[in-house]
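Trainee: I would like a close look at one part of this structure. Please take me through it step by step.

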Amino acid sequence: MEIKLKINGISKDITIKEGEYLQSALKRLGFLNVRKGCETGSCGLCTVLLDGKPTLSCSTLAVRGIKKEITTLEGESVEVAKFAEVLTDEGADQCGYCSPGFTLTVIAMKRELESPTTDEIKHYLTGNLCRCTGYMGQLRAVKKYMEVK
Amino acid sequence: MFTIKQHLMAQSIEEGYETLVKNRNNLILGGTAFLRLGNKNINIGIDLSNLELDYIREDENNIEIGPMTTFRSIETNKLLKENFDGIVAESVEEIVGIQLRSVITAGATVASKYGFSDFITALLSLDTHIELYKGGVMSLETYLAEEKVPKDILVRIIIKKDGKKAAFKTMRNSKSDYAILNCAVSNLGGEYRIAVGARPGRAVVKIINNDELMNNIEAVVDEMKFGTNMRASGEYRKMIAKVLIRRCIEEVK
């Protein structure tokens, strides 16, 4: 079926299969940083923002993206650059495979939570799996980026 | 992964229902996060996301939750945080991550009677009714008691605002993992509703009175069946259940 998706502010026409998920539709449109990880909805790698909310694109039917603002990493270049800088400063970036989904979630968190505690940050970021860094460096980077102690 | 022949964006609940009963392989689509882990062959997938069924609202007597409301909305909703000591919101907050909770829906969890549901446990401890499009209004307990999932559409979840005190406890090996067991207890004027979920079967509820309370936790738990799966044995669950129930009761006494 033919559908229209608005991605990073630009309308795109795409033909999807019945029951196709947003992750694979976005990948076909060339958004290669919308990753596929666990295939069970547990890892957060495929996260995109739907109307600003972090959402698993691997578990969201592509048709549910119609009439919504879909944001991928490319749509947040300013914030992404800011966060990438603190993340690399803390030595928390290794293979980078989880970075797109993680980064988008952090950006959404900054907009949603006002001066969160460490526990609130952890709660928001649970479900973003990274196998390289052990999370401590990431947490330091997130706190710096959020400007909280 | 499931396959789906045709996707129908229903224009009304009536259209959704007509399509649902036409073929046994037609199915209502909720968030589809759990559905995709199986391998069903779906003839027509019926999508209710255009019908404004995503809401949490209150009137004088009840709080109503629309079936397409996501767990993330339930978790952050002010009404649900302020009523029933916040247990409805609390019951969903450790389910995987917020990205998944932004996808999964209240209606799919309740209508499908999933055994792992933390949310159903919280609802069962309260005075909760559901409304089916054809089947009408019934208590959640009655709905769950019937083995089959009916060919019908869940249109509303209705929780009575009767001032119950309530508590919810869950046991997980780690945050965001599936629950090994969860438990919710409410108290209104000495009548205690004790709900236990992730047994690992469907959640169940027992009602006891204040005067028979403390001696009776043992008896309540003895009447419930606890099963074994890869997370825990039935025996272990039974022991955990006694502890969680006692802790909940301490909070609502």
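Trainee: Is Glu75(B) buried or exposed?

Mentor: This is a predicted model. Glu75(B) is buried, because its relative accessible area is 6% and the cut-off for buried is under 20%. The residue is found in helix H2 of chain B.

Start with its surroundings. Leaving aside residues up to four places away in sequence, Glu75(B) touches Lys81(B), Ala89(B), Val92(B), Glu93(B), Ile98(B) and Arg101(B), and from the other chain His123(A). The contact with His123(A) is polar and runs side chain to side chain, at 2.8 Å. Tyr55(B) lies 20 residues away along the chain, and its C-alpha atom is 13 Å from that of Glu75(B).

Now cross to chain A. Helix H4 of chain A spans residues 118-125. Its buried residues are Ile121(A), Tyr124(A) and Leu125(A). Viewed down the axis of H4(A), these buried residues fall within an arc of 90°, so they line one face of the helix. What covers them comes from both chains. Chain A supplies, among others, strand E4 (53-56), helix H3 (99-112) and helix H5 (136-146). From chain B, the cover includes H2 and H5. H2 of chain B is the helix that holds Glu75(B). After H4(A) comes Gly127(A), with a positive phi near 100°.

Next, the whole interface. Chain B puts 29 residues into the contact, and chain A puts in 26. The size of an interface is often given as the accessible area lost when the parts come together. Here the area buried between the two chains is about 2,200 Å². Carbon and sulfur atoms give 53% of that area.

Polar links cross the interface too. The rule finds 15 residue pairs in polar contact between chain B and chain A, both residues at pLDDT 80 or more. E1(B) gives the most, with five residues. By residue type, this side of chain B divides into twelve nonpolar, ten polar and seven charged.

Last, the salt bridges. There are three across the interface of chain B and chain A. One pairs Arg36(B) with Glu39(A), where the closest N and O atoms are 3.3 Å apart.

Back to where we began. Glu75(B) is buried, and its side chain makes a polar contact with that of His123(A).

Notes: Residues are numbered from 1 along each chain as its sequence is written. Chains are lettered from A and ligands numbered from 1 in the order in which they are written. This is a predicted model: local features need pLDDT of at least 70, side-chain atom pairs count only at pLDDT 80 or more; totals for chains, interfaces and linings use all residues. Side-chain values use heavy atoms; hydrogens and water are left out. Contact means heavy atoms within 4.5 Å. Buried area is the accessible area (1.4 Å probe) that two parts lose on being put together, summed over both. A salt bridge is a side-chain nitrogen of Lys or Arg within 4 Å of a carboxyl oxygen of Asp or Glu. A polar contact is a pair of N or O atoms within 3.5 Å; within protein, one must be able to donate a hydrogen and the other to accept it, and residues adjacent in sequence count only if both atoms are side-chain atoms. Helices (H or I, at least four residues) and strands (E, at least two) are DSSP runs, numbered from the N terminus. Ala, Val, Leu, Ile, Met, Phe, Trp, Tyr, Cys and Pro count as nonpolar, Asp, Glu, Lys and Arg as charged, and the others, Gly among them, as polar. Buried means under 20% relative accessible area, exposed over 50%, partly exposed in between (1.4 Å probe, protein chains only). The arc is that of the directions from the helix axis to the C-beta atoms.
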